[in-house]
Amino acid sequence: MSAIAQLRPSEAAVRSTGTAGRPRRRSNGGGNSLWAGRAGLFLVPAVALYGAFMLWPIGQTIWLSFTNWDGITGSPTWQGLDNYRRLVGDDRFLHALENNFEWVVGSWLAQGLGLLVAALLSAQWIQGRTLFRTVMFIPATMSLVVVGIVWDQIYDPNRGLLNTGLNGLGLHSFDRGWLADQHTAMPAVIATANWTYYGFAMVIFLGGLQSIDRSLYEAAALDGCGPLRQFWYVAIPGLRNQITLLLLVSFINTLRTFDLVYVMTNGGPGRSTEVAAYYIYNLAFVTQQVGYGAAVAVALTVIVLIVTVVFLRLRERER
Amino acid sequence: MKARRHLSRGFSYSALLFMTAISLVPLVWVLMSSVRTEADIDAHPIGVTWPLHFSNYQQTWEQARFSSYFLNSVVVAVATVLLVLIVTVPAAYAMTVVRVRFSHAVFLVILLGLMIPIWSIVIPLFYEMRSLGLINTRSGAVLIEAAVGLPFAVFMLRAALRDLPRDVIEAAVIDGASHLRMLRSVVVPLCLPTVKALIVFEFMWSWNELVVPLFFLQADNVRTLPIGLSFFQGRFGADPAIVAAGTSMAVLPVLLVYLLLNRQFIDGITAGASK
């Protein structure tokens, strides 16, 4: 009824002439309110779906994080800040977060590799650019469950591709149970993740490189810059948006990562590959500490939100 | 000078071919293993054995219920894509073209969903869906996956609709087009590339989703491929040939969709990145 579209002046003029010829069922001032008013209904399904299956459960999780519910008996009892006090001193949570951050840093290797490949592919004389790009992006389209199972087979100590290949090259001393060794399990999982990441980074960087004005390179070349310096002074600044985007996306995705650990290692050996999401899963659905699991989930969400806000602030300041 | 150029081009191509090989070798190896027997793989992990052993696929499809997992994956992914589009296209229109009240606030709240880890909704949802009787129903999983996929669709559609030429919309308004007419005849045709990209992305995400089916599709008759595959790995883990056949079957449909629509994939990603 009172919904008045916040139109720019010119549009408002056009719209009021547009509705003027039609019979007005409701008259409440603005000639375009009728036009806008019903469109409000278009928001309802989206808001209802999002509210019921995203916002409402988030609220519930926050509430559960103040209780000690086990998920089975009766109803949750209010515990105040107990869960959060426990969280601060929880070494297992800190260790899981450390693994997450190791993963974040490890994923930078994939971004770098993606940038390198994109730089090679953006050379004007390259033949078959689309084919290279299409093939290298294939791993990024695959389900992480599938990727995890495939790489689990690759790392198999007896009949896996990796050990067979190493032995074939005469490198017997490197042969090992990659996922069963405390020291190699985490790097092996991160390498698997990177296998799916670098194609994505390559596509983003290639799109960015192709939109950089050629004349900038020519100007740099006239100033005596070789290929490497052209890349550093022209391409890298031109890719600033893509770089921040990839860093942000990989941060968010890596902090909430779960699938590969679930499929490949279950957090082991020991807890050497346990990440925060796997710890939450373990608390809420394996050891039935639903209240505390909810508190860890809230903490993880807050960390992701803080990282995002900091990133976006920095990016705005740079502009 | 010329020799140096040949050398650097040769280096570039070798590096690219090396990276292409790294992307492909694991897949080729699995495809090869999927048509061998366990004994062959144990004897020589890398290689091809003649004649090809296609019965692995038959065994996977029939005994390991892959026909059922496959069907469930198709149903859930298609329904999720449809629900997301039906809900987000009108919403993005109302927010961006009409600019109804609270558009910006609603947009910001929905955008928050892009950052929320699924773990902050799964715990209470599990108990709620159980009491609603929606656990182990495909529609329950579709509702959750659509809600999770909704923020990205709103984000992409809003960006696309903002770029629509204003005079086309104004002309339609002057012609007295209703909102539904406007959606059907103006908005959807003009942002078709974005809609196509969304179909591809939302389909792929739903097809590949693990966490939602892990909690909400636990019964064997409603499992989707990824979750079926992860249970399957536990059961048949000892036979790498059977696992390879199951894995290949889960990969091929997405691979096919990707190869057919890879323009939409790449354009969608690069467009999203520049916004």
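The contact between the two chains of this predicted model draws on 94 residues from chain A and 101 residues from chain B. Together, chain A and chain B bury about 8,900 Å², and 74% of that area sits on carbon and sulfur atoms.

**The interface of chain A and chain B**

- The size of an interface is often given as the accessible area lost when the parts come together, and here that figure is the 8,900 Å² or so buried between chain A and chain B.
- How many salt bridges cross the interface of chain A and chain B? The rule finds zero.
- Polar contacts do occur between the two chains: 15 residue pairs are counted between chain A and chain B, with both residues at pLDDT 80 or more.

**Chain A as a whole**

- Chain A has 15 helices and zero strands.
- Chain A has 319 residues, and 53% of them count as buried.
- If you take the contacts in chain A between residues at least 6 apart in sequence, 66% of them join residues at least 24 apart.
- The accessible surface of chain A is about 14,900 Å², with 62% belonging to carbon and sulfur atoms.

**A closer look at A:R133**

- You will find A:R133 in helix α6 of chain A, which runs over residues 129-141.
- Is A:R133 buried or exposed? A:R133 is buried, because its relative accessible area is 10% and the cut-off for buried is under 20%.
- Leaving out residues up to four places away in sequence, A:R133 touches A:L121, A:M202, A:V203 and A:L206 in chain A, along with B:Y258, B:R263 and B:I266 in chain B.

**Salt bridges**

- Side chains of opposite charge can pair when their charged atoms come close.
- Over all chains, the count comes to four salt bridges.
- In chain A, A:D82 pairs with A:R85, and their closest N and O atoms are 3.0 Å apart.
- A:D82 and A:R85 are separated by about one helical turn, because they are three residues apart in helix α4 (residues 82-88) of chain A.
- A:D82 is partly exposed at 35% relative accessible area, while A:R85 counts as exposed at 57%.
- In chain B, B:D220 forms a salt bridge with B:R65, the closest N and O atoms being 3.2 Å apart.
- That pair links distant parts of the chain, 155 residues apart: B:D220 is in the loop between α11 (211-216) and α12 (225-236) of chain B, and B:R65 is in the loop between α3 (55-62) and α4 (66-98) of chain B.
- B:R223 also forms a salt bridge with B:D220, with closest N and O atoms 2.9 Å apart.
- Which residues make up the network of salt bridges? B:R65, B:D220 and B:R223 are linked in it.

**Cysteines**

- A disulfide is a covalent bond between the sulfur atoms of two cysteines.
- Over all chains, the count comes to zero disulfides.
- Among the cysteines, A:C225 is buried with a relative accessible area of 15%, and B:C191 is buried with a relative accessible area of 3%.

Terms used: Residues are numbered from 1 along each chain as its sequence is written. Chains are lettered from A and ligands numbered from 1 in the order in which they are written. This is a predicted model: local features need pLDDT of at least 70, side-chain atom pairs count only at pLDDT 80 or more; totals for chains, interfaces and linings use all residues. Side-chain values use heavy atoms; hydrogens and water are left out. Helices (H or I, at least four residues) and strands (E, at least two) are DSSP runs, numbered from the N terminus. Buried means under 20% relative accessible area, exposed over 50%, partly exposed in between (1.4 Å probe, protein chains only). Contact means heavy atoms within 4.5 Å. A disulfide is a pair of cysteine sulfur atoms within 2.5 Å. Accessible areas come from the Shrake-Rupley method with a 1.4 Å probe; for residues, only the protein chains shown count as cover. Buried area is the accessible area (1.4 Å probe) that two parts lose on being put together, summed over both. A salt bridge is a side-chain nitrogen of Lys or Arg within 4 Å of a carboxyl oxygen of Asp or Glu. A polar contact is a pair of N or O atoms within 3.5 Å; within protein, one must be able to donate a hydrogen and the other to accept it, and residues adjacent in sequence count only if both atoms are side-chain atoms.
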